Every structure is written in structure tokens, then in C-alpha cells.
Amino acid sequence: MPARDPLRIGITCYPSVGGSGTLATALGEDLASRGHEVHFISYERPFRLAAGRPRLHFHPVQINDYPLFRFPDYTLPLSVRMAEVSRDHRLDVLHVHYAVPHATAAILARAMVEPGRQPRVVTTLHGTDTTLLGYDTGYAPAIRYALGCSDAVTAVSDALRRETARVFDFEGPIDVIHNFFAPRPPRRSADDVRRELGLGTELVVVHSSNLRPGKRVDLLLETVARVRARDAFKLLVLAGEPFAPFAEQVGRLGLTDRVLVREKVDGIEDYLQIADVGLYTSEAESFCLSILEAMWFGCPSVSTRVGGIPEVVEDNRSGLLVPSGDVAALAEALETLIRDEARRSALGREARQRARDCFSADVIVPRYETLYRRLCR
Ligand code: GMT
């Protein structure tokens with residue numbers, strides 16, 4: 001349905017499997033369905049971006065690997081493409097997800113466009129662009145500069161907003177706009193998926209992440225190994241990156257028959273529809289979109305109480321939170337949810353309700369629209 005006063009919006013994100021790309025893609029699709037023209041600009045088509053939808057366009061960035069360059073450069077060709085798309089499609093807004101290198105490229109792109117036709121730059125911080133790269137002296141000054149030059153900065157949680165202000169000593173406004181998830185209908189039936197995984201009547205404990213060090217996959221596996229209800233469940237790992245580095249630990253802990261892995265899954269809904277409990281052991285997390293994705297399917301999670309997770313999950317209402325690094329507490333909480341079906345269902349019901357009430361496209365996307373309109377006024 002065409003919007004009353006449609007905007008032309010450029011979106012740049014990482015196109016590979018990951019929370020910031022998932023969010024940016026869902027945002028672009030929803031904005032297009034509200035009548036705005038949306039232009040994705042990236043080195044690859046974002047993995048969840050629907051094809052053949054009206055008002056949704058993709059502009060690839062061409063990267064040349066010149067022999068002189070020891071390290072191929074992405075920032076410059078990205079900025080040139082952003083400037084081209086801004087001019088050709090008269091973009092009102094250029095919204096970048098994850099500051100590095102997207103915010104820097106956007107600032108450069110804006111400067112390359114003639115005054116009067118420059119898009120407004122919105123930078124959304126997602127997590128490690130602050131909590132990791134903000135401590136890297138090779139990046140931090142450039143990130144801080146790009147934030148200062150952005151027309152608006154947003155963060156996906158209040159925890160990330162506070163951390164950004166502190167780490168970069170950034171005094172400008174940061175709007176907190178939480179993430180949302182827009183689940184798609186599963187492509188296969190629950191029975192088909194259970195059959196594919198070779199499941200009988202076991203419960204499914206799901207963990208979905210890029211397996212980077214901060215996810216503490218070592219603690220995830222230790223937690224599972226400690227649970228006494230050993231024959232009642234499987235751990236299903238939906239891995240954004242190869243799981244091979246953890247195979248040795250799986251064997252050492254005697255979990256070979258307990259752990260199922262699927263890598264680079266793009267139809268996550270197929271698996272979430274059969275998930276009973278989520279398990280997240282991160283030591284830092286600005287939001288943890290994976291927990292929200294599970295909540296949409298009525299699946300409560302056991303997770304560490306870090307970063308923005310308490311803004312997503314209310315402890316003992318829509319999931320269970322335990323102190324970071326406490327494997328005994330994680331295992332106890334997981335065991336409780338595996339054994340106590342009534343508790344699991346009650347938390348799951350509440351989780352689904354909270355996802356709908358607080359983290360749906362209908363609640364969140366208008367907040368971005370309002371921000372864009374304020375900047376374009
Ligand atoms: O920052 C990252 O590590 C990558 C990023 C991603 O692309 O998956 O994850 C961050 O953004 C997600 C979407 O906003 C959040 O759900 C994740 O919590 C966040 N990761 C961290 O803060 C470690």
C-alpha cells in the first residue's frame with residue numbers, strides 16, 4: 001500500500017547470516033510494503049532479502065582486487081556506489097547498519113553528492129561496532145567521527161546506548177530503537193523437520209549464533225553436558241559460521257549423540273517451530289535477536305543476564321536469566337525447563353505475547369519512519 005508521502009531510503013548492511021543483516025532486511029522489506037522505495041547497497045544480496053517485491057531494489061558494490069593492494073578495500077567502492085544510488089534515485093535517507101565501515105562510507109558518500117541533494121545519514125549501532133571495535137585504537141577514532149557526522153544515531157538497546165556514550169565519550173543524541181522480528185511461514189511441516197533431524201520424542205534445545213568467541217560456545221556445551229536429564233533432549237545448533245572448531249569439545253564431553261548442527265540456515269523458522277527451549281551463554285550481547293526469534297515461536301530461553309538481554313526477556317516471566325559464566329546456574333535453569341512442561345509452556349506463552357507486544361514490525365518500523373521524517377522535514 002503506497003505511503004502518503006513515500007520516502008526513498010538506502011540501506012546498507014552485512015548481507016551474510018547475522019542479526020544486523022536480518023534486522024536491516026526485515027526493516028527494508030517492511031518499509032517497502034508501507035509504500036517507500038527501498039534500495040539495498042551491499043557487496044552481496046542480503047541472505048533473507050525477498051526477490052521480485054515491488055519498491056525493493058538491490059545495488060551490488062563491485063570490488064576490484066588490484067595487485068598493488070595487499071588488502072582489498074571495500075569502503076571506497078561502497079561510498080562511490082552509495083553516492084551513485086543517492087543521486088540516481090534521489091535518496092532522502094541513507095540508513096547504515098553496523099558502523100564499520102558502513103557509517104564512514106556513508107559520510108564520504110554524502111560529501112560526494114551535490115549540496116541540496118544529499119541524503120540524511122542514519123547510523124544504527126548493533127553491538128560489537130561499539131563493544132569490540134570501540135576499544136580498538138585502529139578503529140575507535142574513525143567510528144566516533146562517523147557517529148558525530150551522522151544525522152542520527154540509533155542503538156538497538158538502552159544498554160548499547162549507554163555503552164556507546166561511555167566508550168566513545170559520545171555526547172550526541174542516540175535514539176534507542178529495539179530490534180523486531182517478522183517471522184515468515186515455515187517452508188516445511190514440523191514433522192518433516194523432525195524427520196530430517198532424525199528426532200523421535202526428544203525435546204529440542206536450540207542455539208542460533210555466529211559462534212564467535214563472545215557467544216561462549218564452550219560454556220554452551222559444558223551446560224548441556226551437565227544437565228542430568230540426559231536422554232530427554234537434543235541440542236540443535238543453528239550455526240552462522242562453521243561448527244568444526246567445536247567438534248573436539250563435543251567428543252570430549254561425550255555429546256556426539258546429543259548435538260545436531262545445521263550451518264548457514266536461511267529458513268530459520270523451519271527449525272524454530274520445533275524448538276522447546278533456547279540456550280544462550282554469551283558474555284556480551286547488545287540485544288540477542290536469536291532469543292527474540294525463538295520467542296515469536298513461543299520458545300522461552302535460558303540465557304545470561306548481559307547487555308541488552310534483560311530488555312528483551314523479563315526474568316521468570318518470558319524466560320530465565322542467570323549470571324554470565326555460571327555454568328551450574330545455566331544447567332539448573334535448563335534442566336528445570338526441560339523437566340517442567342507447565343513452566344516451559346507458561347514462559348513460552350508470555351514470551352510470544354511479549355514478542356508481539358513489544359518487538360513486532362508494527363511497533364518498531366513506525367519509529368524508524370518517524371525518525372526519517374523528522375530528519376527530512
Ligand atoms: O555485533 C555483532 O557481533 C554482530 C551482530 C550481527 O550482525 O549479528 O550482532 C549484534 O547485532 C544483533 C542485531 O542487532 C544483536 O542481536 C546482537 O546481540 C549483537 N551482538 C552483540 O552485541 C555481540
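The sulfur of Cys149 is 18 Å from the closest cysteine sulfur, that of Cys376, which is too far for a bond. Cys288 is in no disulfide either, as the nearest cysteine sulfur, in Cys299, is 12 Å away. Searching the whole structure turns up zero disulfides, a disulfide being a pair of cysteine sulfur atoms within 2.5 Å.

A word on the ground rules: this is a predicted model, where local features need pLDDT of at least 70 and side-chain atom pairs count only at pLDDT 80 or more, while totals for chains, interfaces and linings use all residues. Residues are numbered from 1 along each chain as its sequence is written, and side-chain values use heavy atoms, with hydrogens and water left out.

Now to the ligand. Domain 1 (8-182 + 360-376) and domain 2 (190-358) both contribute residues to the shell around the ligand, so the ligand lies between them; the domain bounds come from an automatic or database domain assignment. Of the 15 residues around the ligand, those that come nearest are Gly19, Ser20, His126, Thr128 and Glu285, where a residue counts as near if one of its heavy atoms lies within 4 Å.
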